[in-house]
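Thanks for coming. I have one chain to go through today, and I will keep to what can be computed from the coordinates.

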Amino acid sequence: MTIQGQILYEAQKLCRETGTAMIWITHDLAVVAGLVDKICVMYAGRIVEQGAISDVLDNPVHPYTVGLLGSVPGHNTRGERLYQIPGMTPSLLNLPTGCAFQARCPRADEACTAEPNITQPLANRNVRCFHPYLQEAAE
Ligand code: SF4
């Protein structure tokens, strides 16, 4: 953790000094929360949700992002079981037709057998989903 903190500090320092942007690829949501301005959540090789870091972490709308954040310990009360997204990630060599997340998605229906395009259902938020959690994000 100490080395990780030093690396993150040096990377941010370099960005400030050189005026460059940085793309950080990680599974560690705690790292991105303190490091970046914008986040792209990817599933099966594609961006499924994209937006400002605080917007996406506070109000995720893609079912995969919702599941991902639900599995982070900080989002649960003590003693409660962590949420687990059912099933497995599909092989990139044999992706299903339609939405790649449909076999694991609680919102999947007939529409999801077609491939969803990126849309912008909220201001400054790009989402690849036919049924994003928009009501919940508005509350
Ligand atoms: S398009 Fe359908 S299956 Fe894919 S994430 Fe959205 S609701 Fe779920």
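Two notes before that. This is a predicted model, in which local features need pLDDT of at least 70 and side-chain atom pairs count only at pLDDT 80 or more, while totals for chains, interfaces and linings use all residues. Residues are numbered from 1 along each chain as its sequence is written.

Layout, then. The chain has 5 helices and 4 strands. Helices here are DSSP runs of H or I with at least four residues, strands are runs of E with at least two, and both are numbered from the N terminus. In sequence order the pattern reads α-α-β-β-α-α-β-β-α. The C-alpha trace spans about 50 × 40 × 35 Å along its principal axes.

On burial, 19% of the 139 residues are buried. Buried means 20 or more other C-beta atoms within 10 Å of the residue's own, exposed means 12 or fewer, and partly exposed is in between, with C-beta atoms placed from the backbone. For contacts, two residues count if their C-beta atoms, placed from the backbone, lie within 7 Å. Of the contacts between residues at least 6 apart in sequence, 35% join residues at least 24 apart.

Strand β1 covers residues 38-43, and strand β2 covers residues 46-52; they pair in the antiparallel sense over 6 bridges. Pairing requires that DSSP find at least two bridges between the strands. The covered face of β1 carries I39, V41 and Y43, whereas K38, C40 and M42 are on the uncovered face.

Which residue in the turn of this hairpin has a positive phi? That is A44, at about 50°, in a hairpin with 2 residues between the strands. A44 is not a glycine. For background, most residues other than glycine have a negative phi. A44 lies in the loop between β1 and β2, and A44 is partly exposed, because 15 other C-beta atoms are within 10 Å.

T119 has V127 in β4 as its bridge partner. There are 2 residues between these strands, and N124 takes a positive phi near 60°. N124, too, is a residue other than glycine. N124 sits in the loop between β3 and β4. Is N124 buried or exposed? N124 is exposed, because it has 10 other C-beta atoms within 10 Å.

Next, domains. The division is into domain 1, residues 1-36, and domain 2, residues 37-138, with bounds that come from an automatic or database domain assignment. Their centres, taken over C-alpha atoms, are separated by 24 Å. In contact are 4 residues of domain 1 and 6 residues of domain 2. On the domain 1 side, the touching residues are 4 nonpolar, no polar and no charged. The nonpolar class is Ala, Val, Leu, Ile, Met, Phe, Trp, Tyr, Cys and Pro; the charged class is Asp, Glu, Lys and Arg; the others, Gly among them, are polar.

Last, the ligand. Which residues surround the ligand? They are P63, C99, F101, Q102, C105, R107, A108, C112, P116, C129, F130 and H131.

Key:
Near = placed C-beta within 6 Å.
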